[in-house]
Amino acid sequence: MQRTLSKVIFNSGRNNLLKSTSNLLNSNLLKATIATNVNGIKPISNNNNSVNIISFNNLNKRYFSSNIPKVEEDDEIAPDEAIKAEEKIEETEKVIGLSEKLSFQTETQKILHIVAESLYTEKEVFIRELISNASDAIEKVRHTQLTNASMIEDSTIPLEIKISADEDNKTLIIQDSGIGMTREEMIKNLGKIGYSGSGDFIKKLGENPDKASIIGQFGVGFYSCFMVGHTIKIYTKSATPGSKGYLWESDGTGSYSITEAEGVSRGTKIIIHLKPSSYEYSRKSIVENIIKKYSNFVGFPIQLNGTTVNTIKPLWTLNKNAISDEEHKEFYQFLSKSYDTPSYRVHFSTDTPLSIRSIFYIPSQHMEKYGMGKMEPGVSLFSRKVLIQQKANGILPEWMRFVRGVVDSEDIPLNVSREHLQDNGLIQRISSVLVKRILKHLNDESKSNPEKFNVFMTEFGGFFKEGIITDFKWKDEISKLLRFESSNGTTPSKTSTVSLEEYVSRMKPDQKHIYFLSVPNRAVGLSSPYYEPFQLKGIEVIFLYNTVDEFVLTNVGHFGDKKIVSVESKEAEEFLSANQEEKTETLSQDEIDKFLSWVDTIASDKVTQAKTTSRSISSPAIIVDHESANFRRMLKMVEPGKHHDTPKQVVEFNMNHPIILKLVQQTESNPTIAKLVIDQVVDNAFVSAGLIEDNREMIPRINQLLDSLLTK
């Protein structure tokens, strides 16, 4: 119940904060965004003063002011201003001989309809599937060249993938210089859904490490092109010396034709004649974005209309010692679509018990603090360098959504469309390995560079606190990273923080608990009557300034064998009593009992029991082991329309305090003033305990006391 309520309270508090700040910050963020973008603009000098040219970094665009003189038709364009013509793939092959018409198998026709209509969630993944097939085909050539070069024809042809988006002809062409197919292989590979040539190739490789570069698994990826194409043509020629070229053609309705062709290069060329509903895939910009989204890290160059698209290295596959800081920064910015420099990075690879290649980046800042809404997961899931899920859920827990990175595993079980995971248990195992590694790295960093880590926790500490409240599994590891101010180690010119591990290392020999105090700020904490007896004993107390912090430490519960308790708790009271020197009371026991009985009667609306305190305090009264004030505030936040009465409390009195000693004398001689004073003393104790949120009800009473004082 406590944990469930904590989650509700935490999420409600966060959501209310986001709502209350978003409107205020939107305009400022817009200004900041504009200012940031303007940093990328540089003026270009020009001899013609009437022309103002602005060049944007990394963009092939120019913007001119309205006073540009009109360009005459015969004006020359400088050579460096000429736009390079795009290289498009043409259909230069020629069909020879007679066409042979063949039918898909009956079950293949049915499955083909499913593949084309409902297997894939997003149509755009057909590009990913075809590029993956092309990459596999090239990988087979590369492997064969290394093992038996004589079996490869035209071995000088570059190993690459060429793509042509033709908006005029409404076609998309994907061509590779891979292994190609013979006539028999075309019938076997393309006439039967579910047969995977790559799967057979992997079996033949056995334990050869080259198998990790093969992407295909299910033998259905090719048919995804029927989602977008009304007619598919394939020119292919096997890499085996002496092979012929062929044309395979189908509209996907039930049959296909195979015809011998000449002028066919080694490998495979797929020509997709797009359906009207899919004409967008003939646009270069759209195709380029899809390539960068799914296939940017394929191991061979991908050229789109003559320009290489995949220029970013898959750093997670490289030796961590061979990667420069600049490469890490570039890769992080590519992943996160941001321009900051990451605070930390974790490059982790393992082959047992699962094959995992991963790289994670911890940003230097986040946007949730500005009320921009909850961030989406920042880790992308890859299999053999091909994107399976962007912003993948479940790879890291929700409270680690600020982490950016890549996880690549060939062991991940995928469904046929390669869009969804099948074994949640395995994903949880992978997640556990990765979370443990990230938390360990951050803990190591906290010790090697404490100042940098403190800056990091100031920015991201809220996420880890969320993790403790919502994810019990990791509370012990997360608790090692928490940082708080304490009564020790801070000077007026410098504020320092302490970890729970450091606190324990400084504990007194007879101290069994870690003590904390929830206060609005440091000044209130140092002057608090709850901190006072601990200060006298030289015991360090952690100060909590954030409302949620008390819930965090309550959920942590223990750090090692040390229980974490409030200085206002019963445990703290017992500790102070056991180590307290016996006090000599000024009043007799009868006088004390009589006073306490009087308080029980006169202040019964707020006091359940009046008793003497064993604490060494300079205040006249104190409330011990009361309901958490932060808990009450959070309940009010969760249920803003519901009134929550402040419960009665046990109030302990310092019977040697001058106010109490004088008040004892006034109980009989001046009962009216005594009633006003005891009510104020009790309310002061409530205020110190954080149990009174609105102090205005005290004002009439204080005015009465002032009037009585001045009329004497």
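Trainee: What should I know first, and what pLDDT does the chain average?
Mentor: Residues are numbered from 1 along each chain as its sequence is written, and side-chain values use heavy atoms, leaving out hydrogens and water. In this predicted model, local features need pLDDT of at least 70, side-chain atom pairs count only at pLDDT 80 or more, and totals for chains, interfaces and linings use all residues. pLDDT is the predictor's confidence in each residue, from 0 to 100. Here 76% of the residues score at least 70, and the chain average is 81.

Trainee: Which residues of α16 and α18 make their contact?
Mentor: Helices here are DSSP runs (H or I, at least four residues), numbered from the N terminus. The axes of α16 (residues 589-602) and α18 (residues 658-669) come within 11 Å and cross at roughly 70°, which makes α16 roughly perpendicular to α18 (65 to 115 degrees). With contact meaning heavy atoms within 4.5 Å, the residues are K594, F595 and W598 of α16 and I660, L663, V664, T667 and E668 of α18.

Trainee: Which residues of α19 are buried?
Mentor: Helix α19 covers residues 671-688, and buried means under 20% relative accessible area with a 1.4 Å probe, protein chains only. The cover over its buried residues includes α16, α18 and α20 (699-710). The buried ones are I673, A674, L676, I678, D679, Q680, V681, V682, D683, A685 and F686.

Trainee: Where does pLDDT stay under 50, with 51 contacts beyond four places in sequence?
Mentor: Where pLDDT is low, the predicted coordinates should not be read in detail. The stretch you want is residues 16-83.

How values were computed:
Axes are lines fitted to C-alpha atoms, for helices over the stretch in contact, and angles run from 0 to 180 degrees between N-to-C directions. Helices (H or I, at least four residues) and strands (E, at least two) are DSSP runs, numbered from the N terminus. Angles under 35 degrees count as roughly parallel, over 145 as roughly antiparallel, 65 to 115 as roughly perpendicular and the rest as oblique. The expected span of a helix is 1.5 Å times one less than its number of residues. Buried means under 20% relative accessible area, exposed over 50%, partly exposed in between (1.4 Å probe, protein chains only).
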